[in-house]
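Subject: Structure handover

Hello,

Here is the structure I said I would pass on. My notes on it follow below.

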Amino acid sequence: MQLDAQWIVGFTDGEGCFHVGVSRHPDMASGVQVLPEFVLVQHKRDVKVLHGVKQFFDCGVVRRNHGDRMCWRVRRLEHLAERILPFFERHPLKTRKRQDFLAFRKVVRLMREGRHLSSEGLEQVLRIVERMNRGRSMEKAQ
């Protein structure tokens, strides 16, 4: 499947998610794990599209998401920093999802610098994460 950059931008605007999970993890020095991920979801009947995106970026995994939905997911920090971020910097998203991308990019860059390992850096990450995705819309509702 041959996909072009603008198709991927549109698909991501509609079906993509830039997410940063933060959870308690006793094995981590800070006691917290920060896990950024970029995810695209599709019904299993269209899984070939996810494999096409995987081939386009040459990274990530395709797996079952929930029920009859499949996802392509990139979690490796190196792939996020060196493939996903540069792509969306060259080919900007068109919807409000661009704001989530910009916040996501800040977190990935902080992590690449190892700043999330300090208490100040972790606080900065948490402030960014709380404003992403649903947090931004909840903020407007208040």
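**Lys 97 and its surroundings**

Leaving aside residues up to four places away in sequence, Lys 97 touches Thr 12, Asp 13, Gly 14, Glu 15, Gly 16 and Phe 18, where contact means heavy atoms within 4.5 Å. Before the rest, please note that this is a predicted model, in which local features need pLDDT of at least 70 and side-chain atom pairs count only at pLDDT 80 or more, while totals for chains, interfaces and linings use all residues. Residues are numbered from 1 along each chain as its sequence is written, and side-chain values use heavy atoms, with hydrogens and water left out.

Lys 97 is found in helix H4, residues 97-112. Helices (H or I, at least four residues) and strands (E, at least two) are DSSP runs, numbered from the N terminus. Lys 97 is buried but has no salt bridge; the nearest side chain of opposite charge is that of Asp 13, 6.1 Å away. For these terms, buried means under 20% relative accessible area, exposed over 50%, and partly exposed in between (1.4 Å probe, protein chains only). A salt bridge is a side-chain nitrogen of Lys or Arg within 4 Å of a carboxyl oxygen of Asp or Glu. On charge, Lys and Arg count as positive and Asp and Glu as negative, with His and the chain ends not counted.

What the side chain of Lys 97 does reach is backbone oxygen: that of Asp 13 at 3.2 Å, and that of Thr 12, which lies 3.3 Å from a polar atom of the Lys 97 side chain.

**The sheet**

Four strands form an open sheet in the order S1-S2-S4-S3, with antiparallel pairing. Strands S1 (16-24) and S3 (61-66) stand at the edges with a single partner strand each, so one side of each has no neighbour in the sheet. From one strand to the next the twist averages 40 degrees. Two strands pair if DSSP finds at least two bridges between them.

S1 and strand S2 (residues 32-43) run antiparallel and are joined by nine bridges. Cys 17 stands opposite Val 39 in S2, and Arg 24 has Val 32 of S2 as its bridge partner. S2 and S4 also pair in the antiparallel sense, over six bridges; here Leu 40 has Trp 72 in S4 as its bridge partner. S2 is mostly covered, with nine of its 12 residues buried.

**Salt bridges**

The structure holds seven salt bridges. Glu 37, Arg 73 and Arg 75 are linked in a network of them.

In the pair of Arg 73 and Glu 37, the closest N and O atoms are 3.9 Å apart.

At 37% relative accessibility, Arg 75 counts as partly exposed.

Another of the salt bridges joins Arg 115 and Glu 113, with the closest N and O atoms 3.3 Å apart. Arg 115 is partly exposed at 39% relative accessibility, and Glu 113 is exposed at 53%.

Regards

Conventions:
A polar contact is a pair of N or O atoms within 3.5 Å; within protein, one must be able to donate a hydrogen and the other to accept it, and residues adjacent in sequence count only if both atoms are side-chain atoms. Axes are lines fitted to C-alpha atoms, for helices over the stretch in contact, and angles run from 0 to 180 degrees between N-to-C directions.
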